[in-house]
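Thanks for asking me to look through this structure with you. Here are my notes, as numbered points to read beside the picture.

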Amino acid sequence: MQFNFEKRQTIPATDRVSEAYIGLISAIELLKLLKDDSGEVRVGIFDDNVRLDLGAQNPVNSRIMGTLQSAEREHFPFLNNGLTIIATDLRGLGDRFFISGYQIVNGGQTSHQLIRWASVVRPPSTPVESPKSGGGSPENEETFTR
């Protein structure tokens with residue numbers, strides 16, 4: 001899967017993470033990672049997420065949607081703690097990245113609300129972290145403090 005990741009900073013590698021970034025990705029680019037060509041949520045990308053989608057009416061999700069629908073939506077990246085995406089393969093060429101074997105391990109509620117909201121309006125940007133491991137299973141991946 002290819003996406004643009006223009007606003008990013010490198011995070012120092014560790015013994016289990018060979019490459020990592022923190023940055024801002026447009027919601028349009030994020031939706032490429034979240035939805036398949038038919039517009040459905042990509043199968044398996046939330047398998048390692050600790051919470052399943054809690055639904056549109058959950059209080060937390062209602063607040064996320066409220067921000068997205070408000071005049072304050074330009075502040076969404078600052079009010080939302082973002083997503084953590086881990087991957088077995090992440091390659092970049094300039095601002096264009098290719099990612100495969102990825103999981104969203106934090107940010108499932110944000111992801112699902114963004115998908116719901118984007119079905120009717122143009123999306124904003126949202127923060128995203130994207131570490132790449134040197135291989136192995138996702139439980140060996142490092143997540144980062146925002």
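1. From the N terminus on, the elements run β-β-β-α-α-α-β-β-α-β, which comes to four helices and six strands.

2. A word on where this comes from: the model is predicted, so local features need pLDDT of at least 70 and side-chain atom pairs count only at pLDDT 80 or more, while totals for chains, interfaces and linings use all residues. Residues are numbered from 1 along each chain as its sequence is written, and side-chain values use heavy atoms, with hydrogens and water left out.

3. Now the overall picture. Of the protein's 146 residues, 44% count as buried (under 20% relative accessible area; exposed is over 50% and partly exposed lies in between, with a 1.4 Å probe and protein chains only). Contact means heavy atoms within 4.5 Å. Among contacts with a separation of 6 or more, 70% are between residues 24 or more positions apart.

4. Next, look at the strand pairing (two strands pair if DSSP finds at least two bridges between them). Strand S5 (residues 96–106) runs antiparallel to strand S4 (residues 83–93), with nine bridges joining them; one of the pairs is Ile 86 with Gln 103. Two residues lie between the strands in this hairpin, where Gly 94 has a positive phi near 65 degrees. S5 is also joined by three bridges to strand S1 (residues 2–4), again antiparallel, and Gln 2 has Phe 98 as its bridge partner there.

5. Which residues have the most contacts inside the largest nonpolar core? They are Phe 3, Leu 30, Leu 34 and Ile 99, in a core of 27 residues. (A nonpolar core is a set of buried Ala, Val, Leu, Ile, Met, Phe, Trp, Tyr and Cys residues joined through side-chain atoms within 4.5 Å.) Strand S3 (17–26), H1, H2, S4, S5 and H4 each supply at least two of its residues, and H1 gives the most, with five. Beyond its neighbours up to four places away in sequence, Phe 3 touches several residues, including Ile 25, Leu 33, Leu 90 and Ile 99.

6. Six of the eight residues of helix H1 (residues 27–34) are buried, so H1 is largely enclosed by the rest of the structure; among them are Leu 30, Leu 31 and Glu 29. H4 is also largely enclosed, because ten of its eleven residues are buried, including His 112, Gln 113 and Trp 117.

7. Finally, find the largest pocket, with a volume of about 200 Å³. Of its 14 lining residues, Val 60, Ile 64, Asn 80, Asn 81 and Thr 110 are the closest to its centre. Helix H2 (59–69), helix H3 (76–79) and helix H4 (108–118) each give two or more residues to the lining. (On a 1 Å grid over the protein atoms alone, a pocket is an open set of points where a 1.4 Å probe fits, with protein on both sides within 12 Å along at least five of seven lines; lining residues have an atom within 4 Å of a point. Grid points are joined across faces, edges and corners, and the volume is the space filled by probe spheres set on them.)

8. Ile 64 is found in helix H2, and its contacts beyond four places in sequence are Phe 76, Gln 109, Thr 110 and Gln 113.
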